[in-house]
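Please take a moment with the sequence and the model shown below, and then follow the paragraphs through it step by step.

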Amino acid sequence: MRIDEAAWASPWRHRATGDKALLALGMLLVAALSTSRTVSVLVLALAAGVALVVARIPARTWLSALSAPAAFVAVGSVALAVTIGADAADTLASVGAVDITRSGVAQAVSASLRSFAAMACLVLLAATTPMTDLLAWLRRLRVPEAMVDIAGLVYRMLFALLDASRSVREAQAARLGYRSGRMARRSIGMLLGAVLLRAWTRARRLEDGLAGRGYTTSLRTLPRQAETSPAFVGISALVLSGLVSLSVSAALRGWP
Amino acid sequence: MHIAEGYLPPLHAAAWTAAAAPFVIHGTREVARLVRERPGARLLLGAAGAFTFVLSAIKLPSVTGSSSHPTGAGVGAVLFGPPVMAALGTVVLLFQALLLAHGGLTTLGANVFSMAVAGPWAAYAVYRLLSRASSGIRVFTAVAVADLVTYCVTATQLALAFPDATGGFASAWTRFLGLFAVTQIPLAVVEGIIAVLLIGALRTWAPDELAELGVLQPAPQGEEAARA
């Protein structure tokens, strides 16, 4: 959970969530809506610059987050680039019956670039804003109370359960529980059973403790009030309008 | 298999979000109703969501040597029911996007549709249809079908977004199906086996909780006495 650690340690931690969301989600929207590769590359470069230089997200965290979808993008690109029985005019190279087409490669490059650009924008938000701030923001945006509450509980229990599953797995491995495929499957079944049971017990104990204190509505904490920074919003708006006008002119003039 | 952030063209991303929305809204209503009736259910639902996240973060040793992550859709549908799974699955997918950079916000709708709607409902239908079969076969089939349906829906989403220049949708669809089959078919089998072992483990450790969820009939008197 490198992203979560980066978010809590971020220099942007005390900026208003709305400010950061405006910049990151605005850029994400431009990246997702644009059909031009030029715009994708520009958004990717800009998001990388802001993330690494201004918001000082650790480079290793940023790289590992950005490469998380790499396997999917690679397989998807292969599927897009190759075909069987393509037009000769469109064929770049052939391996047996499989043809690599020019249009397919172009499509794969566009989709991959768009994906990495959008990912960079998402990471800019996720690695500067802790989940609790994001949930408080969603609550202000009138996302149903019950869902925000449950999401908050999931976040609260997540780390304890991940720790538990890690230590159970270590104990199983020390007892040769992962020596063969058959034993590994058995171990994982037992591991998940233990984790679910632990989650349950924990929830029930929390419930008993809270019921004794008159808990009926939601588990709220006082959010830290962060002031909107006019300078930050102004610069974000400037950057976004620049990107939007570039994207529009790219679409009108038919840039690649 | 999560579709990466920004990978789908905007219109497709919006259309899948619209397709998933009614199921998620229905699930959210169901969750809100559960919580209103039984305030304690809130904590159990939180635990279920956290469990689904941990489940999907575990690396499975696969038959073909490739490692992949379980989706948790099938087990979740059997344990908690598909409407609740639509709501919890959305929360879990959002967390995976924000904490692990798996999936994304623009593709959240498409991923919710394949993993939190289609998979769980298919699992639930199979689980219901096989009500006469032994529990092991029911759980295995339900979980394996959930994974296979999820994988087919994902391939469909990608093929609709990127149809082949010459062969159209069908050609692109078979290609995506074929490429993802390498990891997804072994995953369905392995996740099915593990789900059977998981339910088996819960049956010995937590029969009361399972009965409360409606997965297991309460043990008859005789068996209870024999255990005591």
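In this predicted model, A:Q172 has its place in helix α8 of chain A, which covers residues 145-174. Its relative accessible area is 12%, and because buried means under 20%, A:Q172 counts as buried. The side chain of A:Q172 makes a polar contact with the side chain of A:Y178, at 2.8 Å, and when neighbours within four places in sequence are left aside, the residues in contact with A:Q172 are A:G177, A:Y178, A:S187, A:M190 and A:L191.

Of the 45 residues that line the pocket, B:H2, B:S56, B:A57, B:H69 and B:H102 are the closest to its centre, and the lining divides into 27 nonpolar, 15 polar and three charged residues.

A:W12 lies in the loop between α1 and α2 of chain A, whereas A:F232 lies in helix α10 of chain A, so the pair ties together parts 220 residues apart in sequence; both residues are buried.

A:F72 and B:Y7 form an edge-to-face pair because their planes stand at 75°, with the ring centres 5.1 Å apart. A:F72 belongs to helix α5 of chain A and B:Y7 to the segment before α1 of chain B, so this pair joins two chains. Both A:F72 and B:Y7 are part of one aromatic cluster with B:F162, B:F176 and B:F180.

Definitions and conventions:
Residues numbered from 1 in each chain as written. Chains lettered and ligands numbered in written order. Predicted model: local features only at pLDDT ≥ 70, side-chain atom pairs only at ≥ 80, totals over all residues. Heavy atoms only, no water. Helix = DSSP H or I, 4+ residues; strand = E, 2+ residues; numbered from the N terminus. Buried < 20%, exposed > 50% of the residue type's maximum accessible area, 1.4 Å probe, protein only. Polar contact = N/O pair within 3.5 Å; in protein donor to acceptor, adjacent residues only side chain to side chain. Contact = heavy atoms within 4.5 Å. 1 Å grid on protein atoms, 1.4 Å probe; cavity = no way out; pocket = protein on both sides within 12 Å on 5 of 7 lines; lining within 4 Å. Nonpolar A, V, L, I, M, F, W, Y, C, P; charged D, E, K, R; others polar. Phe/Tyr/Trp six-rings, centres within 6.5 Å; stacked < 30°, edge-to-face > 60°.
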